[in-house]
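I opened my notebook to look up a few things in this structure. My notes follow.

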Amino acid sequence: GNLLAVAEREDAAAAALFSRGLYGAAHSNLWNLVAAAKLAAAAAEPVRRPKGAMLAVWEPTGFGGLPGGWTEAAEKMAAAGVTDVFAWCGSPAGAVPDVPGVPSAGSRAGRPDPLASAVRECHARGIKVHAWVAALSFENPPPERMKAFEKAGRLLHGPDGRAIAWLDPGAEANAAEVSRIACALAARGVDGINLDFIRYPGSSKEKTDAAKIEAVVAKVRADLAKAAPRATLSACVYGWYPGCIASRGQDWYAWLDKGLVDFAVPMNYAPDTAALRKIVDLQKRGRGRLVCGIGAGANESRLDAVGLLRQLREAYRAGYRGAAVYPFDARFAEELAPALESALQ
């Protein structure tokens, strides 16, 4: 009823402007009319979420992604039915929250540590917080840190032999550093650690070795079990399995089978449900241990409200442990969250 009233109001306003020859001014009303129509369509297609199924979001700034910070973000998430958030915490090159021995990320300049706010505001609304870490990516480190790691032989190399901003998974010091960061974040009251970039880059001089990547995951698992036994460990992974074993060193089904991670989040970013099904068909085993990653605003896919709900419906029907949507931002809060609030059951 409310959506119909909005649509009628915007239609009438656009018609009035058109009658006066103000065609450009009427465009905003037409866009609002389209948005109302999409919300109405979304509300007409309910998404039935299985009991206990996860609905997670990735928040890629670490600060909540909205003008009101984590307070506003947590409110929007809760209203949309979000159960878990992967909150960006940086990498070994630079951390958003305070991590001893790791420089502050550039985005942190002049701002307080946001992780405590994330935990406080999200927990108050029943939302679990997972510290999201770029495990092996070493992008944008301070120059002196890059030089020190290069000198110590801790970086991979490009085809031209030059060091690149990526930690060598075969270096024990790097596995220890990733684990140390994970344990430091786990001590901050988060519910879990989410490892991203736990793989080889697209190309490097070194040969891809899945055993070395697995060893890093195993190190984090063992240390986390001692430091924060209640914290879960998850990993963002390539969905095209088993091709990602050779191309990225990610044998993530092996990680699951060996209990090295509690769940994996294959990034099944697809522009429509037909494309999503092709990826889902590669993940027939153990979907109860997988959270289906959905790209609402990723390079591979940009979904409107109807498209997001259709992919969520597909993920829940396929028997995944849940779904995770990338990214949580202003567009999510303004356009997608209302659709979730209307359609999620």
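Which residues is D251 in contact with, leaving aside its neighbours within four places in sequence? I found Y241 and I245; contact means heavy atoms within 4.5 Å.

I noted the ground rules next. This is a predicted model, where local features need pLDDT of at least 70, side-chain atom pairs count only at pLDDT 80 or more, and totals for chains, interfaces and linings use all residues. Residues are numbered from 1 along each chain as its sequence is written, and side-chain values use heavy atoms, with hydrogens and water left out.

I placed D251 in the loop between α8 (243-248) and α9 (252-257). Helices are DSSP runs of H or I with at least four residues, strands are runs of E with at least two, and both are numbered from the N terminus. I also looked up I213: it lies 38 residues from D251 in sequence, and 8.6 Å away in space, C-alpha to C-alpha.

I turned to helix α11 (residues 305-317) and helix α12 (residues 330-343). Their axes (lines fitted to C-alpha atoms over the stretch in contact) come within 9 Å and cross at roughly 50°. That makes α11 oblique to α12, since angles under 35 degrees count as roughly parallel, over 145 as roughly antiparallel, 65 to 115 as roughly perpendicular and the rest as oblique.

From α11, I listed A305, L308, L309 and L312; they meet E335, L336, A339, L340 and A343 in α12.

Last, I looked at the whole protein. I counted 12 helices and 11 strands. Of the 345 residues, 52% are buried, meaning under 20% relative accessible area with a 1.4 Å probe, protein chains only.

Terms used
Axes fitted to C-alpha atoms, helices over the stretch in contact; angles between N-to-C directions. Buried < 20%, exposed > 50% of the residue type's maximum accessible area, 1.4 Å probe, protein only.
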